[in-house]
Amino acid sequence: MALIQQSSPHARGARSTSRVMLWVILATLPGLLAQTLFFGWGNLINVILCVAVALAAESAMLAIRKRPIAFFLKDNTAAVTGLLLGLSLPPLAPWWVSAVAVLSAVILAKQLYGGLGSNPFNPAMVGYALVLVSFPVAMTTNWAQPGLLWESAPSFGDTLSTIFSAQQTAVDAFTGATPLDSYKHQIATHTASEVLKSPIFGDGVAHGWEWVNAAFLVGGLLLLALRIITWHIPLAMLAAISIMSLAFGSDADQYAPLSLHLLAGATMLGAFFIATDPVSAATSHQGKLIYGAGIGILVYLIRTWGNYPDAIAFSVLLMNFAVPFIDHYTPPRTYGHHKARRGIPTRNQG
Amino acid sequence: MSKLWSFTGGIHPPERKELSTGRAIENAGIPEQLILPLQQHIGSPAETIVAVGDKVLKGQPLAAVDGPVGVPVHAPTSGQIEAIIQHPVPHPSGMSDWCILLRPDGEDTWGERHPLEDYRNLDREEVLAAIRNAGIAGMGGAGFPTNIKLRPPRDRKVSTLILNGAECEPYITADDMVMRERAPEIIAGLKVMAWILRPERCVIAIEDNKPQAIASVRAACAGTQIEVMVIPTKYPSGGEKQLVQILTGMEVPHGGIPADIGVMCQNVSTAIAVGRAVFQGEPLISRITTVTGEAVSNPGNFEVLLGTPVSYLLERSALNSNRLNRLVMGGPMMGYTLQGTEIPLIKTSNCIIAATASELPDPEPEQPCIRCGSCAEVCPMDLLPQQMFWHAKAEEFDKAEHLNLFDCIECGACSYVCPSSIPLVQYYRFAKGEIRTQQAEQLKADRARERFEARQARLEREAAEKEAKRKERARAAAEAQARKQAEASAAAAEPADDRAAKAAMVQEALARKKAKADAVATPASTEVADVNALREQLDKARGKLANMQGMLDEARAAGADSVEKLERAVAKNQERVQRAEEALAAAQEAPQPTPEPVAPVQSPPSQEAAQVMPDLAELEAQLDKARDKLATMQGMLDEALANGADNAEKLERAVAKNRQRVERAESALAEARHQLEAQAADQ
């Protein structure tokens, strides 16, 4: 009778990393669906392309690093990185932009740091930021004009050929900047009501975008309900954006209104799916609040006074830098202690 | 109903308690052999007080503890002591320890019992002693001697006595069944403990998944002030610190005990044992143990004699050994695996789980931590498990400790929820073990250093003492020298004026001569003077010897070439001292009334010559001595100069002085001769 010798606990919960990641993937589906419905096939094609490149890059790197490939691939984290990039890159971005973003995310930001769990920076956002500064034109003009999939959006074949065409053909007919971007540039010379007449704003906040953000919010709430993420980071980030907007940008004739900040751009995707990446986020509840709020503040600052139309990637990366510091100074108060032990241990402390 | 608080974190693993609550507590009976470990409690192990071959009665003490922390071990049934050997005991490491093997005779004959029915009229210390003598140690967890726990520090008044019937671990139902079936006994034991402690509140806490136990205990408490508190089912609510928080809202301070905040927790089974010890005079020789798991067909709770082998119980529960994959002593969250079944049940053994492979599956391979924070969400101590894991894995133990690693109660909630299958608790145990080892080694190193420094200090002190003695000797020698010089300079009244010196020397010689002559004239006084002179000589010789000896020591220490020469000189001086001593002794022994000198009167004319003549001889001797000394000194100086020794300068001065002396002696001699010649010419 060969008895198992094992350290306690002997019972284990059912949750696994691969299942957690699978839930994350599932939770993005409403958002992806909304993107496809309102902006055409671009994001779906991007997601498939990015996930494929991510899995290939991950496998290649694991092979080079002599790690078991199947064991690590099945944790689904590479797929999530690809998925998040596919969701956040411009729908009609050329394929090589997406590929560069994914490759740098998986290879540079994740595997070269030691693979899953060892990366200080959010891999998807490293890839995104890298292509954003490297190919600014491709990254800012390839946002699809809103057009319902079954009405005005380009056909699947057109989208595919746009993404994979060798040279950037003139596709101005259905591409352009995001609502946040165009509002920021036009408000300098127009009034708010004139700017909002543009079709990209539609009847609501920003045509199509509001649905996409609502869908990502629904997915995020699902993750919250499943306790895969906690409320601290998304709430702190959204609250910080709101407070900043109300405090500094309440004049719609000068600054984009709060509704646009929350429901246009990648705000909800960022708040629930990107900023909550556990590996590169702060750990304690208090730390998560600081981390999320920091991202929200930076997002507002960069969007309003910076040169880039959206700011999730830079804000997340900047706060990633701050995570070790935040973690050192925000441990919870342990049971039986009068106060939390902050800071880094010194030699004198037992 | 009093207010309930909550603790942070916690988990809800499948309870699986229904497996073993299907039937009433069953008496497991008497196995063929009982294995009784000498250490079934925290503290010092008990020492056997019986010998192999002894016949013992049920309840008879077999081993006792001298120290303050520890309780005795008793015979669970009557029989014969078969052996006292090293045998595997219940321990996570699977280690062996000293055990008494008892072969039951099947009679189950009780020995003497001394009930304390009227305990309320006794002194509390007497009751506590009875509890100790009954071998009672906490039966819920670590097995801390109950009598010690019941005697909190004098400045700590226990205002709330908690009886822990939470039994939050999955599978275990021992306390549940005890509460269902033996509630009155529990209350009786609780009353004894309450009488000892006089708390303001007595609370029995039971998780809400045990409705039958709650009803039974409530019924038993009817008419008393004991509160039955039903707490929500959440692991680990039965942990002492968590239970205290749930019931009082207070936290046990870090590094403290519940008594620090006026609370004490006791297990329900311990209460029964206390009651039995007091009312029946029965020691702790049996307990209720759950045998459960899918690998036994007949799971349930048994009243087992302590020392019963696990194999016996598994057999009674119809073990299907083909399906057995993991054998756990304790619960699935904090229990430990057993390596075999020939391990005895002890005072703290509340559960045996015979698990199949599907029931408690083998762990998945560990994946990287993704810092998801699930562990921190469930930690009942509000720690940061993932950070502690990170540092423990990196062996950055100071950082792990800074994150309050030692507050971890190893409840296993973090490992339970970890999506990466990381055995977190194992990492914490490793880190704790390493830190303890390091601390022990540090202590050892510190002690070794202290020892070394003490030795070093002692050696230095001894060397200093030696040096001081040596200096003392040198000083004495220098004084002697100085005295001698002073005499010499006294002899030469004006040292600068050679002539005067010479004259003085001559004068002195004359005086001595005259004294001697006087001595001849007045023998008694001469005798005294002579002894005095001899004593002075002896002193002088001794001083010189000491001086020489010091020089010799120094030379030896320096390894100088002059050692041999000095040795000779010392020997010579020793001889001289000896001679002087002998002379002195002889002089002293000489008969006091010296006989009248034969020739008391000498002719006056010859008197002068006679006075001068020996004087001359003496001067010559003096000169010789001085020359001798000078030669020695010169030799030493030459040598010192050749070696570049530090004392060369000193020696030079000494040589110069000696040379002067020689010169002086020479001229004194010449003068004396001259005078003598002049005298001769006069006559």
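Me: Which residues of this predicted model does the UniProt annotation "binding site" cover?
Reply: Such an annotation comes from a record and may be inferred rather than shown by experiment. In this case the UniProt record, an unreviewed entry, places the "binding site" at B:C379, B:C408, B:C411 and B:C414. These positions are spread over 36 residues of sequence, yet they cluster in space, with a largest C-alpha distance of 10.6 Å.

Me: Where in chain B is B:C379, and is B:C379 buried or exposed?
Reply: A residue is buried if 20 or more other C-beta atoms lie within 10 Å of its own. B:C379 counts as buried because it has 27 C-beta neighbours inside 10 Å. Its place is in the loop between α8 (374-378) and α9 (385-393) of chain B.

Me: With which residues is B:C379 in contact, leaving aside its neighbours within four places in sequence?
Reply: With those neighbours left aside, the contacts of B:C379 are B:G9, B:P385, B:A413 and B:C414. B:C414 is also one of the annotated positions.

Me: How is B:C408 to be read, by place, burial and contacts?
Reply: B:C408 is found in the loop between α10 (397-402) and α11 (413-417) of chain B. Since 22 other C-beta atoms lie within 10 Å, B:C408 is buried. Beyond four places in sequence, B:C408 is in contact with B:M381, B:L383 and B:Y428.

Me: How many residues of chain A and chain B are in contact?
Reply: In this model, 35 residues of chain A are in contact with 55 residues of chain B. On the side of chain A that touches chain B, the classes are 13 nonpolar, 17 polar and five charged residues.

Notes:
Residues are numbered from 1 along each chain as its sequence is written. Chains are lettered from A and ligands numbered from 1 in the order in which they are written. This is a predicted model: local features need pLDDT of at least 70, side-chain atom pairs count only at pLDDT 80 or more; totals for chains, interfaces and linings use all residues. Two residues are in contact if their C-beta atoms, placed from the backbone, lie within 7 Å. Ala, Val, Leu, Ile, Met, Phe, Trp, Tyr, Cys and Pro count as nonpolar, Asp, Glu, Lys and Arg as charged, and the others, Gly among them, as polar. Helices (H or I, at least four residues) and strands (E, at least two) are DSSP runs, numbered from the N terminus. A residue is buried if 20 or more other C-beta atoms lie within 10 Å of its own, exposed if 12 or fewer, and partly exposed in between; C-beta atoms are placed from the backbone.
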